[in-house]
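Subject: the model, plus notes

Hi,

Here is the structure I promised to pass on. Have a look at it first, and then read on for my notes.

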Amino acid sequence: MTFRQNAKRSALAAAAFAALGLAVPAQADGDVTCNAGPQKAWQKMSKLKKKAWLEEWELLKMQVEGDCYEVYARTKEGQSIEAFFHPVTLKKLVVFRRGQEIYRADGFTG
Amino acid sequence: MIGTRRALLWVALAIPAALMIQRFASGEALAMDLYHPSGEMTVRLMILALLPGPLADALGHSRFLCGWLAIRRNFGVAAFLYALLHLVFYVLDMRMIAAMLDEVVIPGIWTGWLALVLMLVPAAISSDRAMRWLGRRWKSWQRLVYPAFLLALIHWLLLDWQWGPALVHLAPLVLAWSLRFALRRPKSPSRSIA
């Protein structure tokens with residue numbers, strides 16, 4: 001096989017993989033918005049610990065992401081997840097697993 | 001002399017890894033927090049290994065580019081080692097093999113695995129001896145780095161859903177290749193397959 005053919009094949013393979021990868025519907029977790037309003041009205045982030053406990057998650061990390069609370073956790077099955085909570089209501093809004101959305105609260109569009 | 005320089009290069013290449021391991025060991029960072037730095041180092045080192053070829057083609061073999069070409073294999077091997085470190089952090093984060101197997105089917109995950117497997121070949125044949133033994137075929141095998149690189153960017157994109165970083169890391173290679181096609185030096189045809 002010549003170099004040129006080989007290069008062509010690699011390029012084709014890469015393009016095929018790219019197409020495969022990107023054929024997945026976009027499930028953006030980079031820009032979740034919770035419409036949470038001013039921070040003064042937010043509940044304490046530490047209250048999410050109980051939420052996580054109720055879900056039977058192992059809590060790894062909590063942080064403010066945009067205007068949401070974001071929780072990194074492991075489910076009891078060992079799945080690695082990222083969950084977004086509303087800072088005022090502490091409602092679970094959306095959950096991602098490795099870039100894929102696995103839960104979305106009814107009516108939540110942010 | 002060359003031995004000393006090479007050792008210095010590897011010390012420099014090892015510093016980010018040492019800092020990551022230190023942050024993990026001290027408890028300052030979770031394994032999960034180190035996905036990003038270790039993965040980013042992998043991609044950046046791949047770029048350092050992939051850039052000098054097209055650049056030398058386009059701009060001629062200046063001393064600087066010749067020097068860069070002479071050490072590019074080190075960047076390639078270092079990229080692979082950072083990919084392995086990335087995998088170690090993944091294993092430490094996931095803890096259970098079953099949990100890792102369970103998510104292999106997720107596009108953001110299998111693209112990463114496949115990128116690593118593709119890098120395995122060029123890394124395994126990176127020695128002078130393998131280079132001599134494989135002769136002309138060595139270069140074609142090394143080209144597996146290109147699909148590996150694209151897969152690594154897709155892996156990143158599918159997990160983060162941020163176009164910015166992926167495009168920023170793709171840009172230098174696209175530029176270098178555009179330069180290569182625009183300014184290709186007819187004098188050194190043998191380099192055109194670099």
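Predicted model: local features only at pLDDT ≥ 70, side-chain atom pairs only at ≥ 80, totals over all residues.

**The main core in chain B**

The place to begin is the largest nonpolar core, which has 42 residues. Within it, B:A79, B:M119, B:A148 and B:L153 touch the most other members. Six helices of chain B each put in at least two residues: α2 (35-50), α3 (52-59), α4 (63-94), α6 (107-124), α9 (145-160) and α10 (163-183). The largest share comes from α9(B), with 12 residues.

Leaving out anything up to four places away in sequence, B:L153 touches B:V43, B:A166, B:H169 and B:L170.

**Two helix pairs**

How do α6(B) and α9(B) run relative to each other? Their axes come within 8 Å and cross at roughly 160°. An angle over 145 degrees counts as roughly antiparallel, so that is what α6(B) and α9(B) are. The crossing of these two helices is left-handed.

If you want to colour the contact, here are both sides of it:

- From α6(B): B:P107, B:G108, B:T111, B:G112, B:L114, B:A115, B:L118, B:M119 and B:P122.
- From α9(B): B:V145, B:P147, B:A148, B:L151, B:A152, B:I154, B:H155, B:L158 and B:L159.

By class, the contact of α6(B) with α9(B) has 14 nonpolar and 4 polar residues, and no charged ones. Two of the residues listed there, B:M119 and B:A148, also turned up above as members that touch the most others in the core.

The other pair is α2(B) with α10(B). Here the axes are 10 Å apart and the packing angle is about 5°. Angles under 35 degrees count as roughly parallel, so α2(B) and α10(B) are roughly parallel to each other. On the α2(B) side the contact uses B:V43, B:I47 and B:L50, and these meet B:H169, B:P172 and B:L173 in α10(B). That splits into 5 nonpolar residues, 1 polar and no charged.

**One arginine in chain B**

B:R23 sits in helix α1 (residues 2-25) of chain B. Is B:R23 buried or partly exposed? With 15 other C-beta atoms within 10 Å, B:R23 is partly exposed. Setting aside neighbours within four places in sequence, B:R23 is in contact with B:E28 and B:A29. The C-alpha atoms of B:R23 and B:D33 are separated by 9.7 Å, and those two residues are 10 apart along the chain.

**Over to chain A**

Chain A has 2 helices and 5 strands, and in sequence order the pattern is α-α-β-β-β-β-β. Of its 110 residues, 23% count as buried. Taking the contacts in chain A with a separation of 6 or more, 38% are between residues 24 or more positions apart.

A:A105 is in the segment after β5 (100-104). A:A105 is partly exposed, with 15 other C-beta atoms within 10 Å. What does A:A105 touch, not counting residues up to four places away in sequence? The list is A:K91, A:K92, A:L93 and A:V94. For A:A105 and A:K92, which are 13 residues apart along the chain, the C-alpha atoms are separated by 6.9 Å.

**Backbone angles to check**

Most residues other than glycine have a negative phi. Two loop residues in chain A are worth a look on that score:

- A:E56 has a positive phi of about 65° although it is not a glycine. A:E56 is in the loop between α2 (48-54) and β1 (58-65), and is exposed, with 10 other C-beta atoms within 10 Å.
- A:R98 has a positive phi of about 50°, and again is not a glycine. A:R98 lies in the loop between β4 (92-97) and β5, and is partly exposed, with 17 other C-beta atoms within 10 Å.

Over to you!

Terms used
Residues numbered from 1 in each chain as written. Chains lettered and ligands numbered in written order. Core = buried A, V, L, I, M, F, W, Y, C linked by C-beta atoms within 7 Å. Buried ≥ 20, exposed ≤ 12 C-beta atoms within 10 Å, placed from the backbone. Helix = DSSP H or I, 4+ residues; strand = E, 2+ residues; numbered from the N terminus. Contact = placed C-beta atoms within 7 Å. Axes fitted to C-alpha atoms, helices over the stretch in contact; angles between N-to-C directions. Parallel < 35°, antiparallel > 145°, perpendicular 65-115°, else oblique. Left-handed = near helix turned anticlockwise from the far one by under 90°. Nonpolar A, V, L, I, M, F, W, Y, C, P; charged D, E, K, R; others polar.
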